[in-house]
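Okay, everyone, let's get the model up on the screen. I'll walk you through a few backbone spots and then the ligand.

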Amino acid sequence: MIKRNACLSNLTAGYLFPEIGRRRREFAAAHPEARIISLGIGNTTEPLTPHIDAGLVEGARRLGTLEGYSGYGDEQGLTDLRERIAAVFYDGKMAADEVFVSDGAKCDIGRLQLLFGGNVEVAVQDPSYPVYVDGSVLIGAGGAWQGTGYAGIRYLPCTAANDYFPDLAQLPTDGLFYFCSPNNPTGAVASRAQLTALVEAARQRGTVIVFDAAYAEYIRDPALPKSIFEIPGSRECAIEVNSFSKPIGFTGVRLGWTVVPKELKYASGETVWADWNRICTTVFNGASNVAQYGGLASLEPAGLKEMRELTDFYLGNAALIRAALGELGISCIGGDNAPYLWAHFPGQASWDVFARILEKCHVVTTPGSGFGPAGEGFIRFSAFGHRADVEEACRRLVERL
Ligand code: PL4
């Protein structure tokens, strides 16, 4: 019989988010009377906004006309969209052909791992979005499970003790480092000085930074960088993944992008850009044309205004959750420039706190330990939810926890 891919056997546990869904369903089955509210998975809840919705509808409508129909498009995305992304998010610093449109940041993170293969040394912020680690294990770079983490992964703690910024002396030489800012799950945002130090260290060590900016549009402090490409020297050492999911509610529509600068090179001298182009044209067939028309609408002035209003709305939810945790005397960070709050429950196991909040308040959260060893003792609260649900969840937390 055919042998199983050994990398799959290395994955010890199920993926975090389906596990949370499973526990929620189990609780709901045992308590059919409970009205469960989710502050767990970071899934958008508000309807598409009018201008962006109209862009999608118009994109779909034109497919029903002889003149407007299009089949397969360029795998790299519509030229207009690549140009708009380069202009709007990168102020023209990145060329349109360095922008590769995708079906979302998560999918690109999986495909990016093909660039470096299974022999690369990988480091992650601890805690971090689980796809960086699980995807590395899938490609063979993670190694075997060793109790609290995978043997092939360097977990760089990002905690209150180091201002949620890793010890750069631990970056792997000639390896890969996943860095997410605004951070999922902590909500911490790296300062310009911190990112400058990161780029400097990466260049000295030959480390490639995969910078996940999926929450950049939640940054309100103008001093905080929204992209790694705001930092001098980053074109030689960084790739950026980004997404339309959280700024405009395209979690289900599916649209994102990755920027690969042409200066980024392998030890052999070839460009990473050429290989990424090859990968995209080989194992990806382009993002949906309808989704791309929606994306284009979001980058027009009316769309950008709606993007701002939508992200303001979720940040408003975050402020309510922060206030509720404050009333309870629970210390937390995040929520000001990110849609997540990271709450500390010292001396308690994350999954126990998750179960307690679910049982007492009928509120789903995400256990911090699911994001890495340094997440133990923490709970992540997501600010994605209808306003009335978030208000109700906050009331229950304050009254019952
Ligand atoms: C649940 C740092 C959420 N099923 O929608 P995408 O693919 O463009 O972006 C996914 C993504 C990329 N980068 C970061 C993210 O936090 C996310 C989405 N994360 C969460 O609750 O942590 C949704 C998780 C989804 C998933 O597995 O991504």
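Predicted model: local features only at pLDDT ≥ 70, side-chain atom pairs only at ≥ 80, totals over all residues.

Arg-254 sits in the loop between α8 and β8 (256-259); helices here are DSSP runs of H or I with at least four residues, strands are E runs of at least two, and both are numbered from the N terminus.

One runs from Asp-126 to Pro-127, with omega near 10°, and Pro-127 is in the loop between β3 (122-126) and α6 (131-139). Another joins Ser-181 and Pro-182, with omega about -5°; look for Pro-182 in the loop between β5 (176-180) and α7 (192-205).

Now, which residues are closest to the ligand? They're Tyr-15, Tyr-129, Asn-184, Tyr-215 and Ser-243, out of 20 that surround it, each with a heavy atom within 4 Å. That shell divides into ten nonpolar, five polar and five charged residues, with Tyr counted as nonpolar and Gly as polar. α5 (105-116) and α8 (245-248) each supply at least two of the shell residues.

Where does the ligand lie relative to the domains? Domain 1 (6-47 + 303-400) and domain 2 (52-300) both give residues to the shell, so the ligand lies between them; the bounds come from an automatic or database domain assignment.

On to polar contacts, meaning N or O pairs within 3.5 Å. A polar side-chain atom of Tyr-15 is 2.6 Å from a ligand oxygen, and one of Lys-106 is 2.8 Å from a ligand oxygen. Ala-105 uses a polar backbone atom, 2.7 Å from an oxygen of the ligand. Taken alone, the ligand exposes 600 Å², and the protein buries 88% of that, by the Shrake-Rupley method with a 1.4 Å probe.

Notes:
Residues numbered from 1 in each chain as written. Heavy atoms only, no water. Polar contact = N/O pair within 3.5 Å; in protein donor to acceptor, adjacent residues only side chain to side chain.
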